[in-house]
Amino acid sequence: MEVLMRVLGIDPGLTRCGWGVVEGRPGARPVALGVGVVRTSPDLDLELRLLEVHTAVTALLREHRPTAVAIERVFTQNNKGTATGTAQAAGVAALAAAQADVPVAWHTPSEVKAAISGNGRADKDQVTMMVTRVLGLATAPKPADAADALALAVCHVWRGPAQQRLRVAALAGGIGAPVRPATLPRWTGVTPR
């Protein structure tokens, strides 16, 4: 039997950064433990907005103690400014996870849509409807960023362990980077001079 996972899903964004926490096992109905959106004001300087996202994700990690963080992999969008802010928010979320020693998984939007709805091209309304149904929620999570974050977490609960086994098997079979017997050292921080 697969181990119970608790996943913090992050739908990165600078103005609205969705988050959702689910607990579950592959093949079983997951349970939603929390959902929301971190909002930052466009009137603030960029570094302060990023600090707000980082601080909020750090607090979520402390409160929910996830075993993994699933973040949407950012692709170039038509609006380069939006894509840059989204990538920056994803980066500070990953940084917060690394500082908490929680592994990060990156999932593409089409992978998440396929996992939650069976259709890699599902629209936001379809994703929200399926998240509501899969998690047995009484009301749909709003806004769409919150629903997307829950979808990311569900995707990782259902697909993450299998993806990791495939990755390990591929590496052991000589596909990809060579398998090293020792693990890489964990980052321990910057030491003052």
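## The sheet

In what order do the strands of the open sheet lie? In this predicted model, the five strands are arranged as β3-β2-β1-β4-β5, and their pairing is mixed. Strands β3 (31-39) and β5 (104-107) stand at the edges; each has a single partner strand, so one side of each lacks a neighbour in the sheet. From one strand to the next, the twist averages 20°.

Helix α1 (residues 46-64) packs on this sheet, where it touches β1 (5-11), β2, β3 and β4 (68-72). The direction of α1 makes about 160° with that of β3.

## The chain as a whole

The secondary structure of the chain consists of five helices and five strands. Read from the N terminus, the elements follow the pattern β-β-β-α-β-α-β-α-α-α.

The chain has 193 residues, of which 40% are buried. Among contacts with a separation of 6 or more, 61% are between residues 24 or more positions apart.

## Two hairpins and strand β2

Strands β1 and β2 are joined by a hairpin through four residues. They pair in the antiparallel sense over seven bridges. One example is Arg-6, whose bridge partner in β2 is Glu-23.

Strand β2 (residues 16-24) also pairs with β3 in the antiparallel sense, over eight bridges. Here Gly-18 has Val-37 of β3 as its bridge partner, and Val-21 has Gly-34 of β3. The hairpin formed by β2 and β3 has six residues between the strands, and Gly-27 in the turn has a positive phi of about 85°. Is β2 mostly enclosed or mostly open? Seven of its nine residues are buried, so β2 is largely enclosed by the rest of the structure.

## The nonpolar cores

Nonpolar side chains tend to be buried together in soluble globular proteins. In this model, the largest nonpolar core has 22 residues. The members that touch the most other members are Leu-8, Ile-10, Trp-19, Val-57, Leu-61, Val-69 and Ile-71. Two or more residues of this core come from each of β1, β2, α1, β4 and α2 (80-99). Helix α2 gives the largest share, seven residues.

Apart from neighbours within four places in sequence, Leu-8 is in contact with Trp-19, Gly-20, Val-21, Leu-60, Leu-61, Pro-66, Ala-68, Val-69 and Ala-70. There is also a second, separate core of 21 residues, and its members include Val-22, Ala-70, Val-127 and Met-130.

## Helix α3

Which residues of helix α3 (residues 109-117) are buried? They are Glu-111, Val-112, Ala-115 and Ile-116. Viewed down the axis of α3, these buried residues fall within an arc of 120°, so they line one face of the helix. Just after α3 comes Gly-118, which takes a positive phi of about 85°.

Thr-15 is found in the loop between β1 and β2. With a relative accessible area of 39%, Thr-15 is partly exposed, because this value lies between the limits of 20% for buried and 50% for exposed. When residues up to four places away in sequence are not counted, Thr-15 touches Val-38, Arg-39, Thr-40 and Arg-49. Thr-15 and Arg-49 are 34 residues apart along the chain, and their C-alpha atoms are separated by 8.3 Å.

Thr-128 belongs to helix α4 (residues 124-135). Its relative accessibility is 10%, and buried means under 20%, so Thr-128 counts as buried. Leaving out residues up to four places away in sequence, Thr-128 touches Ala-140, Pro-141 and Ala-147.

Methods
Residues are numbered from 1 along each chain as its sequence is written. This is a predicted model: local features need pLDDT of at least 70, side-chain atom pairs count only at pLDDT 80 or more; totals for chains, interfaces and linings use all residues. Side-chain values use heavy atoms; hydrogens and water are left out. Buried means under 20% relative accessible area, exposed over 50%, partly exposed in between (1.4 Å probe, protein chains only). The arc is that of the directions from the helix axis to the C-beta atoms. Two strands pair if DSSP finds at least two bridges between them. Axes are lines fitted to C-alpha atoms, for helices over the stretch in contact, and angles run from 0 to 180 degrees between N-to-C directions. Contact means heavy atoms within 4.5 Å. A nonpolar core is a set of buried Ala, Val, Leu, Ile, Met, Phe, Trp, Tyr and Cys residues joined through side-chain atoms within 4.5 Å.
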